[in-house]
Amino acid sequence: MALSSSLKAALIGLAVMSTLPGLSRQPENSAVARIETASVTYREPGEFLRHGLPVNGPLQPIMLQAPITIMRNQVTRGEYDQCVAAAACPALDKPGKPDRPVTGVNYEDATAYARWLSARTGERWRLPTDQEWALAAGSRYKDDAYTEISDPGNPSKRWIAVYTAEAQTQGAIDPTPMPAGHFGRNEHGLADLSGNVWEWTSTCYIRHHVKQDGQTQVTENCGVRVAEGRHRALMIGFIRDPKAGACSVGIPPANLGIRLVREESGLRRWLGF
């Protein structure tokens, strides 16, 4: 039986005042946007090979299958440093201003912050998938295909076209973290999606190899993840410890940051907040 709007409003009020974890405490680190509907034309990430030669991944429309709650702003350095102070996140390699986006974080730093925020708020925070990020980004999402050229008889045509397109997009970018909103907001109210700080997603690098017999061999490598921002980028994990990092050893670049989504379940999903 459907509940009246007044009863539902009363339940929402009770939930907000409740002491149950995840209902009483909004995260202090950022306001959130709850996106009910969204659609984009999306290209599958990763590497696609047909008969050993690179081709673009499939391009298709996708729609949000369920509402998503995502941070309006990127996590700031001050917020990340609270996690460091709690001994839950690794200290970063370079100093930063507390009111600017945190940068120079590797994949483990980002997931450590999500675990700490989840424990602190009683909610479940995590990195978005690449598809979730694209849907939340909406008009700020950019296709990463530089060319449609794929000539089996002359593969150098594609290499030259890709190199030329990449060179044209590599304009001078000031890496200095800017205040929230400096690069504008999209139609969902999310700030700085196409600014100078890229954001980790949880999506792994995948190689799709279409063989001569038409069968597709799929290889997943989670030592490389998809980062999203002004354009899509594939990033190694940037493990700081050479003994543990193998091919993913390195210092994270200065333009890698964090934006998290909040899992919705139970009463919160039903009430729609």
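This is a working chat about one predicted model.

Colleague: What should I know about the model before we start?
Modeller: This is a predicted model: local features need pLDDT of at least 70, side-chain atom pairs count only at pLDDT 80 or more, and totals for chains, interfaces and linings use all residues. Residues are numbered from 1 along each chain as its sequence is written, and side-chain values use heavy atoms, with hydrogens and water left out.

Colleague: Aromatics, then. How many aromatic pairs does the structure hold?
Modeller: Four. Rings of Phe, Tyr and Trp (its six-membered ring) pair if their centres lie within 6.5 Å; planes under 30 degrees apart count as stacked, over 60 as edge-to-face and the rest as tilted. Y80 and Y113 form a stacked pair, 6.1 Å centre to centre with 25° between the planes.

Colleague: Which helices do Y80 and Y113 lie in?
Modeller: Y80 is in helix α2 (residues 77–85) and Y113 in helix α3 (residues 107–121), so the pair ties together parts that are 33 residues apart in sequence. Helices (H or I, at least four residues) and strands (E, at least two) are DSSP runs, numbered from the N terminus.

Colleague: Are Y80 and Y113 buried or exposed?
Modeller: Both are buried. Buried means under 20% relative accessible area (1.4 Å probe, protein chains only).

Colleague: Which residue does Y113 pair with in a tilted way?
Modeller: W116, at 5.5 Å centre to centre and 45° between the planes. Y113 and W116 both sit in helix α3, three residues apart, about one turn of the helix. W116 is buried too. Ring pairs link Y80, Y113 and W116 into a cluster.

Colleague: Switching to strands. What is the order in the open sheet of four strands?
Modeller: β1-β6-β12-β7, with antiparallel pairing. Two strands pair if DSSP finds at least two bridges between them.

Colleague: Which strands stand at the edges?
Modeller: β1 (32–35) and β7 (125–126). Each has a single partner strand, so one side of each is left without a neighbour in the sheet. Four bridges join β1 to β6 (residues 68–71), and A33 stands opposite I70 in β6.

Colleague: What about β3? Which strand does it pair with in the parallel sense?
Modeller: β8 (residues 198–210), over four bridges. R50 stands opposite V210 there. β3 also pairs with β4 (residues 53–55), in the antiparallel sense over three bridges.

Colleague: How many residues lie between β3 and β4 in the hairpin?
Modeller: Two. H51 in the turn has a positive phi of about 55°. L49 stands opposite P54 in β4.

Note on methods:
Buried means under 20% relative accessible area, exposed over 50%, partly exposed in between (1.4 Å probe, protein chains only).
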